[in-house]
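Please read the points alongside the model.

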Amino acid sequence: MLALDRDPQAVAAAALRFPGEVRLEVVHAPFARLREVVRERAGGRPVRGVLLDLGVSSPQLDAAERGFSFTRDGPLDMRMDPTQGEPASAWIARAPVEEMRSVIAELGEERFARRVAEAIDASRRGTPITRTVQLAAIVEGAVRTREPGKHPATRSFQALRLHVNDELGQLKAGLDAAFEVLAIGGRLAVISFHSLEDRIVKQFMRRKSSVDPVYAGLPHVPPQAQPAMRLVGRKHKPSAAEVAANPRARSAVLRIAEKIAAQGGAPA
Ligand SMILES: C[S@@+](CC[C@H](N)C(=O)[O-])C[C@H]1O[C@@H](n2cnc3c(N)ncnc32)[C@H](O)[C@@H]1O
């Protein structure tokens, strides 16, 4: 079993959790590097199954110094891999207002994205924004309505986190790589935690399990245009009991598909 995580702390925790387990290799790598990891660590042998368990982990959310939480004061970092890229504070310091607006609108689905971006811009002219609670307070002042049970900074923090870690780009690259490394008959299972991710997973699996529409209605469909995957069941959501035991599972959606051909499906 190969386990990939881009967070060095998660890799270290997994090594402690399974000492001496010779069947498991834990690799510090992003999902987008899955192809290379399988080549390097398994000689490129096709794999029987891929599980992508997306998003952030509880240890990341709960450690104030990782900078993911709007309720715990910490440096505004938000990188899952602190050895790569730039912390959220650096992006917030340099991004043009329009870029901030579009990231917050698209990745946070925030109605007040313009007001939030302008408030951040006004504030950063005075003092650099370096702490999580500092940003949370700025966003809180800019978001006009209150959604029940949701902190007003939830959407903007989600947007920033997705952006800083290029999570949707990673997901798309990870899905393509997963399909390639799978054996015929192997299964891809993906657990996502919000609608933007789930939409990408759903569209990928639908596309791979359809006939290329160019050939729709024609008597002969060549093999490369036949479906390359088969959907396995519908989407799964956690039961009420699981959500009660683990509230962070409440938004999880699991989708599964099986690879049935080396190539095919509708083009991207
Ligand atoms: C929901 S947690 C699950 C962790 C683990 N599967 C478990 O059950 O304890 C998601 C994990 O995926 C990692 N992660 C998220 N996006 C990643 C990516 N693009 N590449 C590699 N790891 C990623 C995060 O660092 C985090 O540790």
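1. The model is predicted: local features need pLDDT of at least 70, side-chain atom pairs count only at pLDDT 80 or more, and totals for chains, interfaces and linings use all residues. Residues are numbered from 1 along each chain as its sequence is written, and side-chain values use heavy atoms, with hydrogens and water left out.

2. Helix α9, a DSSP run (H or I, at least four residues), spans residues 167-181. From first C-alpha to last, its 15 residues reach 20 Å, close to the 21 Å expected at 1.5 Å a residue; the expected span is 1.5 Å times one less than the number of residues.

3. Arg-6 is found in the loop between β1 (2-5) and α1 (8-17); strands are DSSP runs of E, at least two residues. Arg-6 is buried but has no salt bridge (a side-chain nitrogen of Lys or Arg within 4 Å of a carboxyl oxygen of Asp or Glu). Asp-81, the nearest side chain of opposite charge, is 5.9 Å away. A polar atom of the Arg-6 side chain does lie 2.9 Å from the backbone oxygen of Asn-165.

4. Which residues are closest to the ligand? They are Asp-5, Phe-31, Asp-53, Gln-60 and Gln-170, and 14 residues surround the ligand (a heavy atom within 4 Å).

5. A backbone N or O atom of Arg-6 is 3.1 Å from a nitrogen atom of the ligand.

Note on methods
Buried means under 20% relative accessible area, exposed over 50%, partly exposed in between (1.4 Å probe, protein chains only). Lys and Arg count as positive and Asp and Glu as negative; His and the chain ends are not counted. A polar contact is a pair of N or O atoms within 3.5 Å; within protein, one must be able to donate a hydrogen and the other to accept it, and residues adjacent in sequence count only if both atoms are side-chain atoms.
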